[in-house]
Amino acid sequence: MMLPLVRNRWFGRVMAPLCVGVLVLLAWEWVCRAWAIPAYLFPRPTAVAHAFMDDWRGLLWALWSTLRVTLKAFVASVALGTLVALLFVQSKLIEISLLPYVVLLQVTPIVAVTPLIIILVKDTETALTLCATVIAIFPVISNTTIGLRTVDPGLAAYFRMNKAGRWATLWRLQIPGALPFFMAGLRISVGLALIGAVVAEFDAGTGGRSAGLAYEIMQASFQLDIPRMFAALAMITVTGLVLFALMVGLEKVLLGHWHESSMERET
Amino acid sequence: MNAISETDVPAVDILSAEKVFANGARGLAPIQLSIRQGEFVSLIGPSGCGKSTLLKLIANLIEPTDGKIFWWRGGFDRVGSAGRRLAFVFQDPTLMPWAKIDANIRLPLDLAGLDRKAADRRVAQALALVGLTDAARRYPRQLSGGMRMRVSIARALVTEPNLLLMDEPFGALDEFTRNRLDEDLVRLSWERRLTNVFVTHSIYEAVFLSSRIVVMAANPGRVFGEFTVDAPFPRGQDFRNSDRFAGLCRDLSDLLMQASIASVAA
C-alpha cells in the first residue's frame with residue numbers, strides 16, 4: 001500500500017520533498033487568491049511563473065552572468081584555498097603568520113568592501129569575481145587545513161617507520177585523508193560563491209555596472225514589478241540548490257567507495 | 001671470515017636496555033635478551049609489564065634510556081639490507097581506507113621506490129600467501145576484521161622481512177579467526193625461516209606459536225622467566241589438541257600467575 005512507496009529510496013529522496021514543495025505552492029496560491037493580495041505586495045506563484053515566461057530570455061541571460069561570476073569565484077577559491085592550506089601544513093610558522101589575515105578576510109563584511117573593489121578594479125566581472133572569492137575561499141582553507149592535519153596516527157607511524165619523505169607522506173597519506181574534509185569545504189564554498197556574486201552585484205548595480213540576477217531584482221523593485229523580482233529570486237535559489245546537488249554528486253563519485261559520509265546505508 | 005656461520009648471528013641482542021619515560025615512570029628495568037635467527041619468541045605478561053615497550057625498542061620506534069640493542073651484531077643502520085629486513089604489524093590493521101587492498105599491500109614497496117612491475121609481482125605473491133587473491137580489488141571496509149588483519153600481515157610480508165615484530169595482532173579477533181591466523185602464521189614463519197617477536201595476552205596463542213616464551217612482570221617491567229616450547233614445527237590442529245599442548249599451557253599459566261603476583265607494586 002503506502003509503505004513500500006515510502007521505503008523506496010528514489011521516492012523518499014525526490015518525491016517526498018517535491019510533494020512538500022507543491023503543497024506549499026498550492027497553499028500560497030490559495031492564500032493570495034482568498035485574501036485577494038495584490039501582486040505588488042505579494043505575488044501568487046502563477047504570477048511569478050507568468051513574469052518568468054514573459055522575459056525568460058532576459059532572465060536567463062542575467063542568470064548566465066551571475067553564474068559566470070559564481071563559477072569563476074568558486075574555481076579561484078578552490079585553487080587558491082587548497083594552495084594556502086597546503087602552505088599552512090608545511091610549517092607552523094607560515095600558518096601562525098598568515099592565519100590572522102585569512103580570518104580578517106573572513107570577518108570583514110564583504111558588502112562594505114565591495115564598493116572599494118569595484119572602484120579599484122576596472123573590469124566589472126573581475127571585480128565581482130574577486131568579491132565572491134573573498135567570501136567563498138574561507139571554508140576551503142579551513143576545511144582542507146584541518147583535513148591535512150587529521151591523519152590516522154597508526155598510519156602516520158607506519159609512514160615514519162618506512163622512512164617516507166615529506167612529499168610521499170603528503171601525496172599518499174595527507175591528501176587522500178583530507179579529501180572528505182575538502183569536499184565538505186566545497187559544499188559550503190559553492191553556496192558562498194553564489195551569495196558573494198549576488199551581494200557584489202547588488203553593490204555594483206547601484207553604480208549601474210552590472211547585468212546579473214541581483215541587478216534584475218533591483219530594477220524590478222524600482223519598477224514595482226514584484227512578480228519579476230520573485231522570479232529572479234527563485235532562479236538564484238534554484239541555482240544554489242543545483243550547485244549544492246552537483247557537489248554532493250561529486251562527493252559521492254570521489255568518496256562513495258570508501259568514506260562513511262558518502263556510503264549508502266546497508267540495511 | 002668469521003669463525004661462526006652467519007646463521008649463528010643473533011637477530012637481536014638486548015644488552016641491559018632500560019626505558020624510563022619522560023614522566024619519570026620506569027617502563028623497563030634493564031633487560032638482557034638475545035633472539036636467535038629463526039626463533040619464534042612470544043612476550044607475555046600482565047598489563048604494564050612493558051612487553052609493547054620492549055617490542056618498540058626492538059623495532060627502534062623508541063630508543064632505550066640506557067643500555068644497547070644490536071641487530072645482527074650491528075647498529076640499526078644494518079637493518080634494511082638483504083637478509084636483515086624488519087617489519088612491524090600493529091594491533092590495528094592500519095590500512096588506508098581510500099586505497100584498494102593491493103595498493104595497501106604495495107605501500108611499503110612504493111615508499112621504498114620499487115618499480116611498479118616488480119612491486120605488483122610481489123604484491124600478488126603476498127596476497128596468495130595470506131589467501132586474499134580474490135580480494136585484491138576491494139576496499140578495506142568491504143573486508144572482515146580477520147581479513148583486514150591478513151592484509152596487514154601481507155603488507156609486512158611483501159617487504160620480505162627476516163624479522164617480523166607483531167604487537168597483539170589478533171587481539172581484537174574472535175577465537176576461531178585467531179586460531180586460523182595463528183596456524184597461517186606458524187606455517188609462513190616456518191616456510192620463510194622468519195624470526196618472530198610476538199606480543200600476546202593469550203597463553204594458548206603463545207604456546208601454539210612460540211619456540212620460546214618470555215614471561216614478563218610489571219613494577220618495574222622486567223623479564224620474569226623463560227619458557228621453552230620444544231614441540232616440532234610446523235604445528236597444526238593436532239598439536240593444539242594434544243595432551244602435550246594442554247600440559248604446556250598449564251605450566252605457562254602457573255608461571256604467569258607467579259609473574260602477576262610479583263608484579264604487585266611494593
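These exercises work through a predicted model of chain A and chain B.

**Exercise 1. The interface**

Task: Find how many residues of chain A are in contact with how many of chain B, and what area the two chains bury between them.

Solution. 
- Step 1. Count the residues. On chain A, 18 residues are in contact with 15 residues of chain B.
- Step 2. Take the area. The two chains bury about 1700 Å² between them.
- Step 3. Carbon and sulfur atoms account for 72% of it.

**Exercise 2. Charges and elements at the interface**

Task: Identify the salt bridge between chain A and chain B, then describe the side of chain A that touches chain B.

Solution. 
- Step 1. Apply the salt-bridge rule across the interface. One salt bridge is found.
- Step 2. Name the partners. A:Arg172 pairs with B:Asp110, and their closest N and O atoms are 3.4 Å apart.
- Step 3. Count polar contacts. Between the chains there is one residue pair in polar contact, with both residues at pLDDT 80 or more.
- Step 4. Assign elements. Helix H8 (153-161) and helix H9 (166-206) of chain A each give two or more residues to the side that touches chain B.
- Step 5. H8(A) gives the largest share, six residues.
- Step 6. Classify the residues on this side of chain A. Eleven are nonpolar, five polar and two charged.

**Exercise 3. The build of chain B**

Task: Decide whether the radius of gyration of chain B agrees with or departs from that of a compact globule.

Solution. 
- Step 1. For 266 residues, a compact globule would have a radius of gyration near 18 Å.
- Step 2. Compare. Chain B has 19 Å, so the value agrees.
- Step 3. Along the principal axes, the C-alpha atoms fill roughly 55 × 45 × 45 Å.
- Step 4. Check burial. Of the 266 residues in chain B, 54% are buried.
- Step 5. Check contact range. Take contacts between residues at least 6 apart in sequence: 70% of these join residues at least 24 apart.
- Step 6. List the elements. Chain B has eight helices and nine strands.

**Exercise 4. Backbone geometry in the loops of chain B**

Solution. 
- Step 1. B:Pro220 sits in the loop between strand S8 (212-217) and strand S9 (222-228).
- Step 2. B:Pro234 lies between S9 and helix H7 (237-240).
- Step 3. Take B:Asn60. B:Asn60 counts as partly exposed because its relative accessibility is 26%.
- Step 4. Take B:Arg193. The loop here runs between helix H5 (175-191) and strand S7 (195-199). B:Arg193 has a relative accessible area of 57%, so it is exposed.

**Exercise 5. An arginine in a strand**

Task: Is B:Arg212 buried or exposed, and what does its side chain meet?

Solution. 
- Step 1. Locate B:Arg212. It belongs to strand S8 of chain B.
- Step 2. Classify. At 8% relative accessibility, B:Arg212 is under the 20% cut-off and therefore buried.
- Step 3. Find a polar partner. A polar atom of the B:Arg212 side chain lies 2.6 Å from the backbone oxygen of B:Ser34.
- Step 4. Look at the surroundings. Beyond four places in sequence, the contacts of B:Arg212 include B:Glu39, B:Phe40, B:Glu226 and B:Phe227.

Notes. Residues are numbered from 1 along each chain as its sequence is written. Chains are lettered from A and ligands numbered from 1 in the order in which they are written. Side-chain values use heavy atoms; hydrogens and water are left out. Contact means heavy atoms within 4.5 Å. Buried area is the accessible area (1.4 Å probe) that two parts lose on being put together, summed over both. A salt bridge is a side-chain nitrogen of Lys or Arg within 4 Å of a carboxyl oxygen of Asp or Glu. A polar contact is a pair of N or O atoms within 3.5 Å; within protein, one must be able to donate a hydrogen and the other to accept it, and residues adjacent in sequence count only if both atoms are side-chain atoms. Helices (H or I, at least four residues) and strands (E, at least two) are DSSP runs, numbered from the N terminus. Ala, Val, Leu, Ile, Met, Phe, Trp, Tyr, Cys and Pro count as nonpolar, Asp, Glu, Lys and Arg as charged, and the others, Gly among them, as polar. The radius of gyration is taken over C-alpha atoms; the globule rule is 2.2 Å times the number of residues to the power 0.38. Buried means under 20% relative accessible area, exposed over 50%, partly exposed in between (1.4 Å probe, protein chains only).
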